[in-house]
Amino acid sequence: MKGIVFTEFLEMVESKFSPELADSIIEGAELSSGGAYTTVGTYDHDEMIKLVTCLSKETGISTAELMRSFGIYMFERFYVLFPQYFSGIDSSFRFLELIEDYIHVEVRKLYPEAELPSFECDTSEPGCLRLTYRSTRPFAPLAEGLICGCIAHFRDAADIQVEDLSSGRGTAARFLVTQRGSLS
């Protein structure tokens with residue numbers, strides 16, 4: 001897993017909770033990296049699971065909710081860090097349609113060794129987008145948060161239904177995003 005995910009997670013913990021809590025979860029997680037991350041480094045995804053688990057124990061917030069919150073946070077950080085990916089895109093539906101065939105292609109140019117999840121997109125029904133997420137890693141709640149962050153960013157009104165396709169493991173899910181119109 002790319003270091004940028006870790007550095008942004010710890011930034012979120014510092015800003016939403018406290019720097020002391022960030023230090024506490026790094027220490028409590030007993031990480032092989034020691035919690036010293038660089039944005040371009042590559043780290044074991046189990047370290048993220050350990051960090052989120054420690055944060056959950058410290059805050060009483062479920063790991064799934066923390067991952068969703070991080071996804072929402074991360075989407076806005078992607079917008080700040082990689083504005084070129086948003087050029088000419090004016091809706092969450094359009095952006096989400098482009099994840100696999102544009103966004104992930106561009107990410108692989110920056111990080112050739114990145115192991116990204118796959119997203120199948122079905123737009124056959126007007127006003128409805130079905131995204132099927134598959135990964136070797138248990139981060140479906142993170143993907144859900146990124147989708148929620150995307151919708152909020154573009155100020156689109158949409159409902160999201162999540163269907164777990166991995167028996168609670170978080171490695172596969174179908175997100176049904178139904179458009180309700182746009183916010184003014």
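In the predicted model, helix 4 and helix 7 (residues 140-153) pack with their axes 6 Å apart, at an angle of about 45 degrees. The two helices are therefore oblique to each other, and the crossing of helix 4 with helix 7 is right-handed. On the side of helix 4, the contact is formed by Ala64, Met67, Arg68, Phe70, Gly71, Ile72, Met74, Phe75, Glu76, Phe78 and Tyr79. Helix 7 contributes Pro141, Leu142, Glu144, Gly145, Leu146, Cys148, Gly149, Cys150 and His153. Sorted by class, the residues of this contact comprise 13 nonpolar, four polar and three charged.

Helix 4 (residues 63-81) also packs against helix 3 (residues 45-59), where the axes come within 9 Å and cross at roughly 110 degrees. An angle of 65 to 115 degrees counts as roughly perpendicular, and helix 3 and helix 4 are therefore assigned to that class. The crossing of helix 3 and helix 4 is right-handed. Helix 3 takes part through Val52, Thr53, Leu55, Ser56 and Thr59, which meet Thr63, Leu66 and Met67 in helix 4. The residues of this contact divide into four nonpolar, four polar and no charged. Met67 of helix 4 is listed in the contact with helix 3 and also in the contact with helix 7.

A polar atom of the Ser166 side chain lies 3.2 Å from the backbone nitrogen of Thr171. When residues up to four places away in sequence are not counted, Ser166 touches Thr171 and Ala172.

Glu30, in the loop between helix 2 (19-29) and helix 3, has a phi of about 50 degrees. The relative accessibility of Glu30 is 66%, so that Glu30 counts as exposed. Arg155 has a positive phi of about 60 degrees and lies in the loop between helix 7 and strand 3. With a relative accessible area of 45%, Arg155 is partly exposed.

Methods: Residues numbered from 1 in each chain as written. Predicted model: local features only at pLDDT ≥ 70, side-chain atom pairs only at ≥ 80, totals over all residues. Heavy atoms only, no water. Axes fitted to C-alpha atoms, helices over the stretch in contact; angles between N-to-C directions. Helix = DSSP H or I, 4+ residues; strand = E, 2+ residues; numbered from the N terminus. Parallel < 35°, antiparallel > 145°, perpendicular 65-115°, else oblique. Left-handed = near helix turned anticlockwise from the far one by under 90°. Contact = heavy atoms within 4.5 Å. Nonpolar A, V, L, I, M, F, W, Y, C, P; charged D, E, K, R; others polar. Polar contact = N/O pair within 3.5 Å; in protein donor to acceptor, adjacent residues only side chain to side chain. Buried < 20%, exposed > 50% of the residue type's maximum accessible area, 1.4 Å probe, protein only.
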